[in-house]
Amino acid sequence: MGKFNDSESWRHYISLLQENITRMSANCTSCKNWLITIVSALFALQLANASLKPYLWISLVPTVLFLVLDAYYLGQEKRFRDLENRFVRSIKSDEDVTDLIYSFSDEPKEKWRYFLAGLKSPSTWLLYLVMVLAIIVISILIG
């Protein structure tokens, strides 16, 4: 099979990858926004009602859930970025990109590798570490 030399398809594929990268980035931002909103609301609710003060630790639940979700989205963003970089490198080196275009790897090992990369990113763990520490400190001081 000859080289797949259709620059319109290349542009469309790269555009598709860029749209996914942008959406995953927006999802990461939404996770952080929702986390801060929900934890703040839980704090306000618990501080307004004295009988709920011992349950300030419940704020750790959404924190952990949003951490996992945020790491997943960041991992997917990295995955799409890697796909795009590999595709562009193949085009630049004049390789046959027929097998690369519109193909996405769904190997379980790859999913975990990208998820762990999302967890290790400072943009993920730093916020959630600060949030967990704040929950612990506030729980100790108020509880």
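Predicted model: local features only at pLDDT ≥ 70, side-chain atom pairs only at ≥ 80, totals over all residues.
I take contact to mean heavy atoms within 4.5 Å. Residues are numbered from 1 along each chain as its sequence is written, and side-chain values use heavy atoms, with hydrogens and water left out.

**Ser139.** I looked up Ser139 and found it in helix H4, residues 122-142 (helices are DSSP runs of H or I, at least four residues, numbered from the N terminus). Ser139 is buried at 7% relative accessible area, where buried means under 20%, exposed over 50% and partly exposed in between, with a 1.4 Å probe and protein chains only. Leaving aside neighbours within four places in sequence, I find Ser139 in contact with Leu56 and Trp57.

**Salt bridges.** I count 4 salt bridges, taking each as a side-chain nitrogen of Lys or Arg within 4 Å of a carboxyl oxygen of Asp or Glu. I noted Asp70 with Lys32, whose closest N and O atoms are 2.6 Å apart. Asp70 lies in helix H2 and Lys32 in helix H1, so this pair ties together parts that are 38 residues apart in sequence. Asp70 is buried, with a relative accessible area of 0%, and Lys32 is buried too, at 18%.

I also noted Arg81 with Glu77, the closest N and O atoms being 2.8 Å apart; both residues lie in helix H2, 4 residues apart, about one turn of the helix. Arg81 is partly exposed at 32% relative accessible area, whereas Glu77 counts as buried at 11%.

Technical notes. Helix = DSSP H or I, 4+ residues; strand = E, 2+ residues; numbered from the N terminus.
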